[in-house]
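Please consult the sequence and the coordinates alongside the text.

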Amino acid sequence: MAELITSLSNPLVKQARSLRQKKGRAETGLFVVEGIRHVGEAVEAGWDIQSVLYAPDLLTSDFARDLVALLEKKNARTQPVSAQVMDSLAEKDNPTGILATVSQRARTLAGLPAADVSSAVALVSPQDPGNVGSILRTMDAVGTDALFLLDGGVDLFHPSVVRASMGAIFWKPVAHASFDEFKEWARKGGIKLIGASAHATSDYSAAHFPPPWILVLGSEQKGLSRAQLEACHLTVSMPMRGHASSLNLSVAAGILLYEWMK
């Protein structure tokens with residue numbers, strides 16, 4: 001076993017800390033995965049694990065210890081650190097004692113055949129990483145095939161996306177594109193685009209359509225533009241019976257997906 005790291009200024013520790021920032025992720029092509037369950041999902045899904053930092057005093061479960069042993073067999077760099085070092089790296093209180101740096105995976109529309117998509121979600125310029133992660137988690141739960149991130153917005157490998165996805169980020173393909181590129185890709189593949197808008201006249205619960213289809217959602221602040229709505233084959237709304245004018249993006253996505261994936 002490697003010597004225990006106790007210094008907060010150790011280069012490996014500093015690199016892991018830098019991955020909390022977009023600049024660090026962009027410069028290295030890595031992102032950070034925190035927690036026993038999340039690291040385990042990344043390993044099971046076959047992602048490239050660059051290094052693993054773990055605090056022996058905090059690994060209290062057999063699963064966690066077995067996970068470190070498995071990573072050692074896979075020749076991943078496993079490095080024990082003190083509980084203090086782990087606490088400095090963790091975003092959550094009471095860290096579970098393990099953190100991995102993982103190679104990012106970039107995917108474009110060219111790498112995602114339309115024939116592989118029966119149902120999916122597209123987000124236009126999402127701004128809240130927690131929403132993106134929660135939507136991935138819901139997609140995994142209902143069985144939709146892919147996520148499209150259009151026209152920028154949240155960095156897919158933001159720590160809050162990874163954490164909120166509860167491991168789904170490692171199993172669901174995510175493609176980046178501009179809206180116009182996505183629209184053309186869907187047209188060529190014969191995929192219907194279903195937009196959600198507060199101004200639509202069709203009630204979401206009355207909308208029924210065969211696959212393949214993609215639910216298209218706009219940003220939390222602006223929603224879908226007129227041109228984007230016009231690109232959709234159908235737009236639907238959700239009734240708002242109280243004083244609120246809209247739902248949280250991930251909540252809306254969950255309701256729509258569970259309704260249409262019955």
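## Basis of the values

The model is predicted; local features need pLDDT of at least 70, side-chain atom pairs count only at pLDDT 80 or more, and totals for chains, interfaces and linings use all residues. Residues are numbered from 1 along each chain as its sequence is written, and side-chain values use heavy atoms, with hydrogens and water left out.

An open sheet of 4 strands is arranged in the order 1-4-2-3, with mixed pairing. Strands and helices are DSSP runs (E, at least two residues, for strands; H or I, at least four, for helices), numbered from the N terminus, and two strands pair if DSSP finds at least two bridges between them. Strand 1 (30–34) and strand 3 (77–80) stand at the edges with a single partner strand each, so one side of each has no neighbour in the sheet. From one strand to the next, the twist averages 20 degrees.

Strand 2 (residues 49–54) pairs with strand 3 in the parallel sense, over 4 bridges. Within this part of the sheet, V52 stands opposite T78 in strand 3. Helix 4 (residues 62–73) packs on the sheet and touches strand 2, strand 3 and strand 4 (98–103), its direction making about 145 degrees with that of strand 2. Contact here means heavy atoms within 4.5 Å; axes are lines fitted to C-alpha atoms, for helices over the stretch in contact, with angles from 0 to 180 degrees between N-to-C directions.

N75 is found in the loop between helix 4 and strand 3. Although N75 is not a glycine, its phi is positive, at about 65 degrees. The residue N75 is exposed, with a relative accessible area of 70%; exposed means over 50%, buried under 20%, and partly exposed in between (1.4 Å probe, protein chains only). M166, also a residue other than glycine, has a positive phi near 50 degrees. M166 is placed in the loop between helix 7 (159–165) and strand 7 (174–177), and counts as partly exposed because its relative accessibility is 25%.

The peptide bond from P211 to P212 is cis, with omega near 5 degrees. P212 belongs to the loop between strand 9 (202–203) and strand 10 (213–217).

## Two buried loop residues

S219 lies in the loop between strand 10 and helix 9 (226–231). With 12% relative accessibility, S219 counts as buried. Its C-alpha atom is separated by 7.1 Å from that of L123, 96 residues apart along the chain. Not counting residues up to four places away in sequence, S219 touches V124 and S125.

R20 is located in the loop between helix 1 (11–18) and helix 2 (22–28). This arginine also counts as buried, at 13% relative accessibility. Leaving aside neighbours within four places in sequence, the contacts of R20 are R25, V32, E34, L89, A90, E91, L99 and P159.

## A nonpolar surface patch

M240, L247, V251 and I255 make a nonpolar surface patch of about 280 Å². Accessible areas come from the Shrake-Rupley method with a 1.4 Å probe, and for residues only the protein chains shown count as cover.

V251 lies in helix 10 (residues 249–260) and, at 41% relative accessibility, counts as partly exposed.

Conventions. Patch = residues over 30% accessible without salt bridge, like charges linked within 9 Å, V, L, I, M, F, W, Y side chains within 5 Å. Salt bridge = Lys/Arg side-chain N within 4 Å of Asp/Glu carboxyl O.
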